[in-house]
Amino acid sequence: MRFSGKTALITGGGTGIGAAVARRIRAEGGQVALVGRRAEPLKGVAEEIGGAVFAADAAGTASMKSAVAAIAERFGGIDILIANAGGHGVGPTVSMTDETWDLAVRLNLNTAFVSARETLPHLIKSKGNIVVLASIAGLFAGPDAAGYVTMKHGCVGLAKSLARDYGRFGVRTNTVCPGWVTTAMADEQMAVLVEKHGLNTIEEAYALVTKDVPLGRPASAEDVANAVCFLASGEASMINGAILTVDGGAGTVDLPTLAFAS
């Protein structure tokens with residue numbers, strides 16, 4: 001019961017990693033406030049685990065300010081922020097429109113920044129912590145994904161700044177960088193590969209993108225939730241400013257030597 005007496009605000013908590021984190025925190029005694037733009041997925045998770053829904057745009061200042069105030073009033077404070085909301089930003093730079101770029105900024109970076117800014121006063125009071133969900137795209141560059149790669153690098157930088165500036169106030173901030181995770185958003189990318197390579201199933205596409213990963217498989221949402229919940233718990237009380245990859249060892253691969261691998 002690592003989260004007994006704690007309240008966690010989770011952005012993008014209706015599906016995938018956010019929902020898995022919500023289930024884990026609730027199962028370990030914590031109160032969970034699910035924040036997102038789409039109320040229906042949030043309600044489904046909340047009904048399942050006994051959480052609370054606060055419909056809000058994590059990138060909108062007025063919207064988040066109102067949601068944070070309501071959450072703090074209902075639960076008596078906020079102890080943990082899981083900045084999980086994110087989205088796409090794929091495509092080559094030369095053909096990326098301003099609208100696509102702006103959407104990548106809003107969905108990936110602004111959501112983390114605004115939610116952190118609005119919850120910090122409460123986290124300072126509670127000596128709480130923040131976990132930012134980035135991606136290994138925040139450490140490396142994938143092909144034709146300039147918007148997503150840039151914003152996830154920005155999320156890593158934001159978390160480092162928060163760790164430096166607010167660690168003195170007792171607020172820890174850490175980053176989790178997953179590789180491929182079997183979520184609905186990743187399934188959309190796998191569908192592209194299915195069509196491109198004439199594959200039969202999404203599972204074959206996941207096998208293709210992880211064939212050079214040492215563990216040879218994608219992560220599940222629960223795999224990532226395990227890492228997130230460790231960093232959010234008291235067990236990680238001396239960890240601040242860390243970047244934890246959950247990628248099956250993908251980041252250890254020396255890409256220039258792949259041609260020599262059997």
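# Note on helix packing and the parallel sheet

1. Helix H3 passes helix H4 in a right-handed crossing (the near helix is turned clockwise from the far one by less than a right angle). H3 covers residues 61–75 and H4 covers residues 98–126; such helices (H or I, at least four residues) and strands (E, at least two) are DSSP runs, numbered from the N terminus. The two axes lie 9 Å apart, at an angle of about 35 degrees (lines fitted to C-alpha atoms, for helices over the stretch in contact; 0 to 180 degrees between N-to-C directions).

2. The model is predicted: local features need pLDDT of at least 70, side-chain atom pairs count only at pLDDT 80 or more, and totals for chains, interfaces and linings use all residues. Residues are numbered from 1 along each chain as its sequence is written, and side-chain values use heavy atoms, with hydrogens and water left out.

3. Returning to H3 and H4, H3 passes H4 in a right-handed crossing, and the contact (heavy atoms within 4.5 Å) involves Thr 61, Met 64, Lys 65, Val 68 and Ala 72 on the H3 side. H4 supplies Val 114, Ser 115, Arg 117, Glu 118, Thr 119 and His 122. By class, the contact of H3 with H4 holds 4 nonpolar, 4 polar and 3 charged residues (Ala, Val, Leu, Ile, Met, Phe, Trp, Tyr, Cys and Pro are nonpolar; Asp, Glu, Lys and Arg charged; the others, Gly among them, polar).

4. Helix H1 (residues 16–27) and helix H2 (residues 39–49) have axes that come within 10 Å and cross at roughly 20 degrees. H1 and H2 are therefore roughly parallel to each other (under 35 degrees). H1 passes H2 in a right-handed crossing. In the contact, Ala 19, Ala 22, Arg 23 and Arg 26 of H1 meet Val 45, Glu 48 and Ile 49 of H2. The residues of this contact comprise 4 nonpolar and 3 charged, with no polar member.

5. For helix H6 (residues 184–197) and helix H7 (residues 202–209), the axes come within 8 Å and cross at roughly 90 degrees. H6 and H7 are therefore roughly perpendicular to each other (65 to 115 degrees). The contact draws on Ala 186, Asp 187, Met 190, Leu 193, Val 194 and His 197 of H6, and on Ile 202, Ala 205, Tyr 206, Leu 208 and Val 209 of H7. Its residues divide into 9 nonpolar, 1 polar and 1 charged.

6. An open sheet is formed by 7 strands with parallel pairing, in the order E3-E2-E1-E4-E5-E6-E7 (two strands pair if DSSP finds at least two bridges). Strand E3 (52–55) and strand E7 (243–246) are the edge strands, each pairing on one side only. From one strand to the next, the twist averages 20 degrees.

7. Within the sheet, strand E1 (residues 7–11) and strand E4 (residues 80–83) pair in the parallel sense over 3 bridges. Ala 8 stands opposite Ile 80 in E4. H3 lies across E1, strand E2 (31–36) and E3, and runs at about 160 degrees to E3.

8. As to the overall fold, the chain contains 8 helices and 7 strands. Its C-alpha trace spans about 55 × 35 × 35 Å along the principal axes.

Conventions:
Angles under 35 degrees count as roughly parallel, over 145 as roughly antiparallel, 65 to 115 as roughly perpendicular and the rest as oblique.
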